[in-house]
Amino acid sequence: MRVRRFEEGDRARIERFNARLRAGGAAWEVYPEGPTDSSSEEPVRSRLFVAEVDDEVRGAVWLREHEFWIDGRVVRAGWAKYPVSESLVDARHGGVAGALIIKLMREQPLLMSLGMGGHGGAFARLLSSMRWATDDVPFFVSIVRPARVLRHLKHLRRTRARRVALDLLAYSGLGWAGWTALSGIRSLATDRRPAPLEIDVVPGFGSWADDLWQDLRGAYGFTARRDVAMLDAVYPASMPVERLRLRRSGRDIGWATVLRRDLSEVRETPFGPLRIGMLADTFARPEDALAVTTAATAYLRSHDLDLLISNQRHSAWVAALAGDGFLRAPTQFAFYRSPAMAKLLAAAATPLDLHVNRGDCDGPVFA
């Protein structure tokens with residue numbers, strides 16, 4: 001086996017690799033590098049590494065590198081993304097995934113991985129076996145239309161008994177009453193409701209976002225770089241994300257990115273045919289987190305949606321979602337750190353409160 005960088009001559013090999021995966025019933029596939037992926041001039045550098053055996057590609061993984069603000073300084077680190085091995089359909093290639101990760105750790109020791117469907121998947125188990133540190137990025141939900149959610153959310157309706165009970169709640173109105181009471185109690189637990197912010201839906205980030213980054217990054221122990229150049233790379237014009245500029249009395253407080261999607265046309269989704277709003281990414285002073293979350297979710301609630309979701313790890317944003325009536329739900333968003341990255345984070349003088357959400361790694365995508 002040889003693990004190496006993607007080459008232009010690998011395109012045909014990757015096509016054959018994907019064909020073997022499809023023939024074996026695997027849903028995964030590998031995408032070759034594009035013309036700008038590996039450019040060192042860009043804020044984000046993405047490189048594809050492949051495992052070659054007998055002149056055929058037997059696996060691949062992406063390394064996505066950019067800058068982070070960690071414990072008061074700029075650090076370049078990376079994400080391990082989309083590991084795919086032919087071991088999914090042929091046990092003879094069981095060592096491919098591990099070899100790919102070892103190669104990435106040599107290229108960039110400060111590595112992380114995010115999501116992966118939780119800790120039970122093959123990739124997550126592999127990282128655990130390689131002594132990567134791990135925990136979760138909490139998942140939060142806010143139900144806008146309880147009856148539709150009770151009737152259609154597949155994750156809740158996995159048994160016949162559950163389906164009968166949930167249909168009863170939906171059609172009787174008890175589901176709506178129960179959710180309203182529960183979310184109201186959570187909101188009342190907040191000491192005070194913040195004054196409403198001014199919301200501008202902007203086509204892109206401007207110099208105001210650079211100013212926020214320079215002024216506010218010191219309030220975080222860990223966060224991905226979030227200046228204009230980085231944000232434009234993470235949220236290109238082609239991405240169906242809405243950028244909310246949030247101000248108080250004309251002064252910039254922070255920003256949020258949100259997505260709206262109707263999943264009724266999507267065949268395989270754990271949400272079923274619901275209209276979902278996602279609070280994907282946020283940035284503001286931690287003490288303004290509730291004001292930003294309240295403004296962003298009010299914007300989402302003003303549209304024709306059934307359910308709002310968000311993944312947030314930083315304690316201020318976790319508390320903000322709870323204060324806005326969100327409830328914590330089981331998460332499948334795991335967060336893994338390589339031994340070198342875990343050592344770097346542990347070396348901080350005080351424990352770091354990590355700002356990680358759906359805007360990181362792969363960016364805001366609906367699973």
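1. A nonpolar core is here a set of buried Ala, Val, Leu, Ile, Met, Phe, Trp, Tyr and Cys residues joined through side-chain atoms within 4.5 Å. The points below apply that term to a predicted model.

2. In this model the largest nonpolar core comprises 54 residues, and Phe205 and Val292 are those with the most contacts inside it. Helix α9, spanning residues 289-301, supplies the largest share of this core, namely 8 residues. Another core lies apart from it and has 21 residues, including Trp79, Phe222, Met341 and Cys361.

3. When neighbours within four places in sequence are set aside, valine 292 is in contact with Leu197, Leu246, Ile253, Trp255, Ala256, Ala284 and Trp317.

4. Between arginine 226 and glutamine 214 the C-alpha to C-alpha distance is 9.4 Å, with a separation of 12 residues in sequence.

5. Which side chains make polar contacts with the side chain of arginine 226? One is that of aspartate 281, at 3.0 Å; another is that of asparagine 357, at 3.5 Å.

6. The contacts of arginine 226, leaving out neighbours within four places in sequence, also take in Ala209, Trp213, Leu231, Trp255, Thr282, Phe283, His355 and Asp360, among others.

Methods:
Residues numbered from 1 in each chain as written. Predicted model: local features only at pLDDT ≥ 70, side-chain atom pairs only at ≥ 80, totals over all residues. Heavy atoms only, no water. Buried < 20%, exposed > 50% of the residue type's maximum accessible area, 1.4 Å probe, protein only. Helix = DSSP H or I, 4+ residues; strand = E, 2+ residues; numbered from the N terminus. Contact = heavy atoms within 4.5 Å. Polar contact = N/O pair within 3.5 Å; in protein donor to acceptor, adjacent residues only side chain to side chain.
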